[in-house]
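Q: Could you take me through one part of this model in some detail? I would like to look closely at its salt bridges.

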Amino acid sequence: MLLKGRKALITGAGGALGSEIAKAFQEEGAEVLGVDRKQTDFVVYCDITDESSVRSVFGQAEMAGNVTDVVHTAGVVSCGLLSDLSKSDFENVINVNLIGSFLVARQAVNSFSKLESIIFISSQAGLKSAALWSAYSASKAGVLRICEALAQEVGPRGIRVNAVCPGNIESPMMDDSISAVSLLRQKKPLDVTKKYLDDIPLNRFARPAEIASVCVFLASPMASYVSGSSYVVDGGELS
């Protein structure tokens with residue numbers, strides 16, 4: 001029970017990764033409040049690109065009890081040639097992935113007096129870009145810079161700030177990405193998948209639970225002196 005007595009707010013909790021992180025935190029003893037644009041019986045509605053929406057749901061969370069951890073999972077993926085991207089295409093990715101991270105982080109440090117950790121889900125793409133991934137990589141690189149700056153700003157308050165940089169994850173988002181790349185490259189989805197797998201030393205995609213376990217570690221007392229760090233979880237691909 002690594003997180004017994006903790007209360008975590010998890011954005012993007014309606015998605016494959018966010019829901020797995022919520023499950024992992026609960027299994028380790030934490031109370032979890034999940035938020036997402038896809039509202040369900042267990043997930044509260046929140047649009048992370050809307051200041052008033054973020055302010056409202058974080059205010060509700062604080063009234064319901066002291067939040068100790070925020071895991072910011074919500075995000076979108078986008079791929080395409082830079083020369084073909086419209087301004088609105090680029091702005092949408094930046095608005096959700098980067099500005100959304102800013103709004104969530106700012107509200108967290110201003111709202112939660114018992115806050116102990118913030119964990120951003122960035123991406124391997126935030127450390128190294130590739131053709132077709134300019135907008136996504138730019139947004140995720142920005143998240144890492146926010147993480148580093150915020151760790152220095154709130155460290156004196158005892159708040160640790162870290163980021164997780166996954167590679168390819170078994171998820172509907174990954175399936176959509178493979179389909180999009182297949183069309184752009186004029187290749188079969190199986191061929192695109194094989195190319196991705198060939199570039200990963202472990203020769204498989206990550207399971208959402210394998211990313212969630214790193215988030216549990218970063219929120220737990222085992223990572224009590226870890227802050228301002230970016231953890232690459234990509235099966236060795238970046239190496």
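Which residue forms a salt bridge with Glu 51, and how far apart are the closest N and O atoms?

A: Happy to! Keep in mind that this is a predicted model. The partner of Glu 51 is Arg 106, and their closest N and O atoms are 2.6 Å apart. Glu 51 belongs to helix H2 (residues 51–64) and Arg 106 to helix H3, so this pair links distant parts of the chain, 55 residues apart. Both ends are partly exposed: Glu 51 has a relative accessible area of 39%, and Arg 106 has 31% relative accessibility.

This bridge is one of 10 salt bridges in the structure. Another joins Glu 116 to Arg 6, with 3.5 Å between the closest N and O atoms. Because Glu 116 sits in the loop between helix H3 (87–111) and S5, while Arg 6 is in the segment before strand S1 (7–11), the pair ties together parts 110 residues apart in sequence. Here Glu 116 is partly exposed at 34% relative accessibility, whereas Arg 6 is buried, with a relative accessible area of 10%.

Then there is Glu 31, which forms a salt bridge with Lys 7; the closest N and O atoms are 3.9 Å apart. Glu 31 is in strand S2 (residues 31–36) and Lys 7 in strand S1, so parts 24 residues apart in sequence are tied together. Glu 31 is partly exposed, at a relative accessible area of 48%, but Lys 7 counts as buried at 8% relative accessibility.

Conventions
Residues numbered from 1 in each chain as written. Predicted model: local features only at pLDDT ≥ 70, side-chain atom pairs only at ≥ 80, totals over all residues. Heavy atoms only, no water. Salt bridge = Lys/Arg side-chain N within 4 Å of Asp/Glu carboxyl O. Helix = DSSP H or I, 4+ residues; strand = E, 2+ residues; numbered from the N terminus. Buried < 20%, exposed > 50% of the residue type's maximum accessible area, 1.4 Å probe, protein only.
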